[in-house]
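Please look over the model below. My notes follow as numbered points.

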Amino acid sequence: MKKIKTACSLDCWDTCSIEVTVYDDKNLKVRGDHSHSITQGFLCQKGMQHLERVNSPHRITSPMKKIDGNWINISWDQALEEIAQHLRNILNAYGASSLLLYSESGHCGLKKNIDTAFFNSLGKVTLPIGSLCWGAGIAAQKADFGKVLSHPPQDLLNSRTVIIWGRNPVNTNVHLVPFLKKAKEQGANIVVIDPIKTATAHLATHYYQIKPESDGHLALAMAKILINDKLHHMEFLNNYCDDFASFEAELQHLELDSLIEATGLTFKEVKELAFLYGMSSPSSIILGYGLQRYPNGGRNIRLIDALAAVTGNIGVSGGGVSYANQFIKQWIDWDYLSNHQHGQQPSFIRSQFYQYILEERPDEIKGMFITKGNPLLQLPNTNKTKEAFDKIPFKVTIDLFMTDTAAASDYILPCTHIFEEEDFLYSSMWHSHFFYTQQVLPPRDGVKNEFEIFNLLAQKLNMVEFVKHYGKEEQYLERGLGPLLANIGLSLKELQGKNLSMEGNEIPWRNKQFATSTKKYQFINLKNTKVTRSTTAKEDYPLQLLSLHPKHSLHSQHFNRVEEGVLPKVYCNRETLNTFKIIIDQPAELESQYGKIKVIPQLDEGVGNNLLLIYEGWWLKNQGVNTLTPSGVSDIGNQAIYNHCFCRISSLGKGETT
């Protein structure tokens with residue numbers, strides 16, 4: 001029996017440290033690492049499913065090629081030779097810009113980034129920019145603070161009020177929950193602001209059900225109340241901020257009643273919330289990744305940041321606005337890892353993939369590689385996305401399973417699971433821990449890790465310089481992690497099997513020296529900011545659909561286990577059920593201007609009026625939620641706007657499920 005330290009590679013806040021016990025009969029036991037201050041010995045169900053996924057009988061274990069619509073197994077040598085020839089032909093006939101690399105965050109290991117270095121070695125290939133998940137908030141906090149940093153979870157125990165704004169850690173960030181419970185036991189106010197009364201709201205001392213897209217209005221209303229009552233923090237505002245005077249002047253021109261009306265709350269509720277936050281310092285705000293998925297998403301985050309600045313809850317223990325944490329990222333040599341190409345490179349906004357392929361560059365993209373992602377499900381407006389995908393003549397997907405994207409490709413290359421490899425993992429969303437994992441199992445027969453795949457492909461293409469600079473895994477990690485290794489004084493070998501955290505981010509901005517050009521906090525310019533809700537519900541589509549992260553899956557990764565034909569559940573309150581004559585558990589049709597799907601209605605009185613809740617990640621065999629969502633972008637950060645989605649719902653009656 002031996003114990004091996006690895007970590008969870010899912011794109012999640014927690015990035016859990018995992019301890020795997022390997023018994024003499026080769027059986028495995030998976031649990032959270034008891035020695036880790038975040039994981040504390042337990043894993044969520046997604047983490048526990050790693051063992052099932054690595055051993056799944058449904059894994060792809062041979063390269064596959066599609067011939068006349070049918071898949072056949074082929075050898076690695078044949079697959080790589082044929083793919084190399086396709087790449088060679090495309091490069092010679094059309095140039096590097098006709099190749100598109102679509103890479104996402106289905107696996108967050110550093111070595112998996114080898115795909116970018118490989119394709120950049122081919123020339124100025126086409127790459128996506130922007131984000132499906134968090135881009136608007138990242139851009140917002142960079143504008144305000146200069147960098148995106150979060151307080152460690154332990155610092156919540158120093159807060160007198162904790163606001164959880166648009167986040168449901170019970171479902172998506174389970175290791176935050178013990179810190180919230182302990183803070184509550186110590187007497188802290190735990191406040192949840194969300195259009196949905198989530199499981200986390202039931203843990204809170206206070207809950208405020210606001211309308212979607214009105215988060216910025218609420219932050220402005222709270223700031224106006226506190227300033228009018230002279231509860232703003234003048235020392236912080238005068239000494240460490242730019243443009244507060246302008247912000248305050250413009251705020252006075254906004255009518256408090258109008259701001260409050262946009263939120264759906266009462267004056268009494270907003271005033272209570274303002275005083276809870278502003279008079280119980282230090283107060284912290286923990287942001288989720290839903291309130292920025294709107295056309296005004298960046299503005300929402302910037303206005304919440306401004307509320308924290310008004311109250312001086314920045315740079316203090318127990319304070320802060322925690323959205324993401326890119327502290328570790330700054331200690332990684334991304335120029336080397338990405339093999340960055342200088343000069344302009346063709347790119348497209350990620351959420352607008354289909355417009356780029358069908359409208360901006362029709363018939364110009366000749367080849368596409370997909371790694372660590374499932375864009376046919378994850379991109380908005382599935383029908384148009386599939387149309388665009390089908391227009392690309394040559395497509396290769398690297399994955400463990402036959403996803404919808406893989407099934408629509410021409411070649412599939414099977415890759416390793418995190419238990420079958422070594423890799424460097426860190427959290428860019430929450431804490432400052434990082435891991436160099438140990439390999440638990442030998443790779444499944446017939447599969448290869450991406451590092452080997454791209455180096456074998458490079459050899460087929462005679463890419464001598466790429467193999468020279470990116471041919472060895474140890475060299476790749478040592479150079480990519482060079483700044484971090486130098487900072488902590490460890491070699492790569494000494495790092496393996498350890499879960500460590502980087503010092504220096506215990507209290508972000510404690511010295512009040514921000515990473516902006518003036519070294520001061522930057523207030524949003526309200527004069528140039530249109531403070532209106534972007535909601536555009538129309539008579540034909542009167543209901544707003546929020547598609548949230550499920551508890552049991554990270555996006556679409558774990559929905560392969562759902563049987564074909566099972567319909568997704570949609571949740572609404574009784575008033576909505578009665579208004580639209582919908583019957584619980586009886587099939588209904590949900591339609592937006594982009595498409596329609598079949599669903600099973602469920603009663604949930606925690607869902608606000610004129611709202612529908614659905615969980616994203618369902619595969620096309622189960623309808624696919626993004627059939628309904630729009631492909632627009634946020635005000636900053638090129639962020640997808642999934643939650644700016646308006647629908648109608650109608651009953652299908654018994655038996656009408658096909």
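1. Glu420 touches Val54, Arg59, Gln439, Leu441, Pro442, Pro443, Arg444 and Val447, leaving aside residues up to four places away in sequence. Contact means heavy atoms within 4.5 Å. The model is predicted: local features need pLDDT of at least 70, side-chain atom pairs count only at pLDDT 80 or more, and totals for chains, interfaces and linings use all residues. Numbering starts from 1 along each chain as its sequence is written, and side-chain values use heavy atoms, without hydrogens and water.

2. Where is Glu420 placed? Glu420 sits in the loop between strand S17 (411–414) and strand S18 (424–426). Helices (H or I, at least four residues) and strands (E, at least two) are DSSP runs, numbered from the N terminus. Glu420 counts as buried because its relative accessibility is 3%; buried means under 20% relative accessible area (1.4 Å probe, protein chains only). Its side chain reaches the backbone nitrogen of Arg444 at 3.2 Å.

3. Now helix H19, residues 450–460. Buried here are Glu450, Phe451, Ile453, Phe454, Asn455, Leu457 and Ala458. At the start of H19, a side-chain oxygen of Asn449 comes to within 3.0 Å of the backbone nitrogen of Phe451. Asn462 follows H19, and its phi is positive, near 55°.

4. Helix H8 (residues 215–228) packs with helix H13 (residues 297–310) at an angle of about 20°, their axes 8 Å apart. Axes are lines fitted to C-alpha atoms over the stretch in contact, and angles run from 0 to 180 degrees between N-to-C directions. H8 is therefore roughly parallel to H13, a term for angles under 35 degrees.

Definitions and conventions. Buried < 20%, exposed > 50% of the residue type's maximum accessible area, 1.4 Å probe, protein only. Polar contact = N/O pair within 3.5 Å; in protein donor to acceptor, adjacent residues only side chain to side chain. Parallel < 35°, antiparallel > 145°, perpendicular 65-115°, else oblique.
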